[in-house]
Amino acid sequence: MTIKFGYHTWSYSGFGAWVPSYTLDETIKRLGKIGFDGIEIGAAAPHAYPPDLTSARRREIRCLLDDHGLELAGIGAAPGGGPGYNPASPSLEERRATAEHYKELSELCAEWGGRTVLYVPGWTVFGTRRRQARAWSLECLTEIAVDAAQYDVTVVIEPLAQHSNLIDDGEDAMELLEDVGLPNVKVMFDCNHVSHRQELFGDYVHLMGGQLHQVHISDSTATEVRLPAGKGDGDWEGLVDALIETGFDGYLTAETGFLRRGISPDQDARDGLRFLKTLVERKLAEHTCPSS
């Protein structure tokens with residue numbers, strides 16, 4: 001098994017709330033210097049909104065990733081704004097725009113050497129039954145995944161308890177995975193959303209098993225969210241034990257530092273990586289060399 005460490009660009013792009021904002025070029029340089037294996041890029045302005053990227057700019061970013069030793073751990077759409085990118089929308093036009101946007105992301109992902117696109121299943125709009133909204137999301141996901149297969153890209157369903165009323169937890173994500181029935185569709189979870197439901201990280205690992213493609217890492221307390229791992233109340237030992245027991249092979253990608261003021265993205269990134277990497281190394285040694 002191989003566990004890699006990544007960092008999401010949201011906290012470097014001013015996403016969600018006022019935070020220090022950096023260009024994608026500067027973000028790549030900083031995360032490479034800190035020592036991450038990969039970077040997960042939010043496909044939104046000012047970093048990587050596909051319609052804004054010329055062919056020359058796309059080549060430039062690929063070279064930057066290579067020069068700084070970073071894999072593209074994943075790429076995902078930013079919900080809200082513009083057409084909204086809601087695959088469960090009652091608006092056919094919005095659903096079509098969403099599908100086309102994700103197709104652009106799959107092509108861009110492959111162009112940058114990545115193999116993972118994160119799928120936000122959407123949200124139910126007033127006046128639409130949940131069953132219908134889910135059917136629309138499933139239809140959209142199927143179209144996106146069939147298209148992504150030509151690029152050898154995996155589409156990963158993310159349940160979003162804190163921000164959605166459609167695919168809320170691990171069971172919802174697994175049911176959607178089973179219903180789409182395509183080999184290049186997998187699942188993931190975000191520790192922030194698991195904590196929001198007052199559930200356990202390790203339980204999600206065992207639920208998803210071999211279908212678990214990656215994990216978004218963040219810690220929380222009763223009053224703060226999106227903290228670096230080890231700065232809150234999360235059961236990180238339980239998470240890593242479960243990952244090792246199930247043979248997880250993928251990225252632990254920190255998604256921290258946004259939604260609040262007064263943070264240093266670099267410090268958040270360094271603290272979380274140091275804590276989690278040390279824990280994973282210790283746990284791997286424990287599992288390899290059982291006590292006498």
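On a 1 Å grid over the protein atoms alone, a cavity is a set of points where a 1.4 Å probe fits but cannot get out, and lining residues have an atom within 4 Å of a point. This is a predicted model, in which local features need pLDDT of at least 70, side-chain atom pairs count only at pLDDT 80 or more, and totals for chains, interfaces and linings use all residues. Residues are numbered from 1 along each chain as its sequence is written, and side-chain values use heavy atoms, with hydrogens and water left out.

**Exercise 1.** Describe the lining of the second largest cavity.

*Solution.* Start with the volume, the space filled by probe spheres set on the points, which are joined across faces, edges and corners: here it is about 30 Å³. Next, pick out the lining: Pro 159, Ala 161, Asp 168, Phe 189, Asp 190, His 193, Val 194, Arg 197 and Tyr 204. Two or more of these residues come from each of β6 (185-190) and α6 (191-196); helices (H or I, at least four residues) and strands (E, at least two) are DSSP runs, numbered from the N terminus. Finally, sort by class: five are nonpolar, one is polar and three are charged.

**Exercise 2.** Find the elements that line the largest cavity.

*Solution.* The structure has two cavities of 30 Å³ or more, and the largest holds about 60 Å³ of space. Its lining includes Phe 5, Phe 36, Ile 217 and Leu 276. At least two lining residues each come from β1 (3-8), β8 (250-254) and α9 (265-288), with α9 giving the largest share, three residues.

Key:
1 Å grid on protein atoms, 1.4 Å probe; cavity = no way out; pocket = protein on both sides within 12 Å on 5 of 7 lines; lining within 4 Å. Nonpolar A, V, L, I, M, F, W, Y, C, P; charged D, E, K, R; others polar.
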